[in-house]
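Thanks, everyone, for making the time this morning.

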Amino acid sequence: MGKIVIITPIFPPEQRGPATYCFELCQKIPSVVITFTKDPTPIKNIKIISIPQSGGLFIRQVRLLWQIINTDCDLIYAQGADVCGFAAVIAGKLLHKPVVIKFVGDLSIELKRDFKKGDLLAKFVELVTFVVLRLADKIIFPARHLQDSICEKYKIDKNKTNVIYNAVN
């Protein structure tokens, strides 16, 4: 198996879904993890790189892109199109490496619905998501209904997508 870099916004000791998923996944698949979590939980034989959260969105994305480019890998696996996906697809194009995006939810919809954020921010996130999904080599969804709705909304060819349920065995 080739070298995989897993890019995740959160990692243990944080306890939300992506953190737990990545923690379990990287114990099964030899990889390097890049995360925004401060002081991530170490895992034997897994290199974990923490990106400082200071400096604002643009600086964090530049740091993330720099780390991805400087990580020896055969495949880039990003947990999400919004926080991790943009730097991942840019690095993938620069390095000529395949990029897989795991897509678990549409942040643009969540911003409008849950946080009552203005249309400008939601439109920006929607644009970033559109670009990331178009540039990704493969998109993984945890459920068929999400695959259907996102492929329809962003006009993504279903042939470049798969449904893989969240359980890690």
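At what angle do the axes of helix H2 and helix H3 cross, and within what distance do they come? Please keep in mind throughout that this is a predicted model. The axes of H2, residues 56–69, and H3, residues 85–95, cross at roughly 40° and come within 9 Å. With angles under 35 degrees counted as roughly parallel and 65 to 115 as roughly perpendicular, H2 is therefore oblique to H3. The crossing of these two helices, H2 and H3, is right-handed. On the H2 side the contact is made by Gln-61, Leu-64, Leu-65, Ile-68 and Ile-69, and on the H3 side by Phe-86, Ala-87, Ala-88, Ile-90, Ala-91, Leu-94 and Leu-95. Sorted by class, the contact of H2 with H3 has eleven nonpolar residues, one polar residue and no charged ones.

H3 also meets helix H5, residues 119–135, and here the axes of H3 and H5 come within 9 Å and cross at roughly 35°. The crossing of H3 and H5 is left-handed. Gly-85, Phe-86, Val-89 and Lys-93 of H3 make this contact with Val-128, Val-131, Val-132 and Leu-135 of H5, and the residues divide into six nonpolar, one polar and one charged.

H5 in turn packs with helix H6, residues 144–154, at an angle of about 100°, their axes being 11 Å apart. The range for roughly perpendicular is 65 to 115 degrees, so H5 and H6 are described as roughly perpendicular to each other. Glu-126, Thr-129, Phe-130, Leu-133 and Arg-134 in H5 meet Ile-150, Lys-153 and Tyr-154 in H6, which gives four nonpolar, one polar and three charged residues in that contact.

Let me move to the sheet. It is an open sheet of seven strands in the order E3-E2-E1-E4-E5-E6-E7, with parallel pairing. E3 and E7, the latter at 161–163, are the edge strands, each of which pairs on one side only. From one strand to the next, the twist averages 20°.

Strand by strand, E1, residues 4–8, is joined to E2 by five bridges, and Thr-8 stands opposite Thr-35 in E2. E1 also pairs with E4 in the parallel sense, over four bridges, with Ile-76 in E4 as the bridge partner of Val-5. Helix H1, residues 17–28, packs on the sheet, where it touches E1, E2, E4 and E5, and its direction makes about 165° with that of E1. H6, for its part, lies across E6 and E7, running at about 155° to E7.

Which residues point each way from E2, and are they buried or exposed? Ser-31, Val-33 and Thr-35 point one way, Val-32 and Ile-34 point the other way, and all are buried. Strand E5, residues 99–102, is likewise covered on both faces, with Val-99 and Ile-101 buried on one side and Val-100 and Lys-102 buried on the other. Four bridges join E5 to E4, residues 75–79, in a parallel arrangement, and Ala-78 stands opposite Ile-101.

Leaving aside residues up to four places away in sequence, Thr-37 touches Pro-9, Ile-10, Phe-11, Pro-12, Pro-13, Glu-14, Ser-50 and Gln-53.

Terms used
Residues numbered from 1 in each chain as written. Predicted model: local features only at pLDDT ≥ 70, side-chain atom pairs only at ≥ 80, totals over all residues. Heavy atoms only, no water. Axes fitted to C-alpha atoms, helices over the stretch in contact; angles between N-to-C directions. Parallel < 35°, antiparallel > 145°, perpendicular 65-115°, else oblique. Left-handed = near helix turned anticlockwise from the far one by under 90°. Contact = heavy atoms within 4.5 Å. Nonpolar A, V, L, I, M, F, W, Y, C, P; charged D, E, K, R; others polar. Buried < 20%, exposed > 50% of the residue type's maximum accessible area, 1.4 Å probe, protein only. Pairing = 2+ DSSP bridges.
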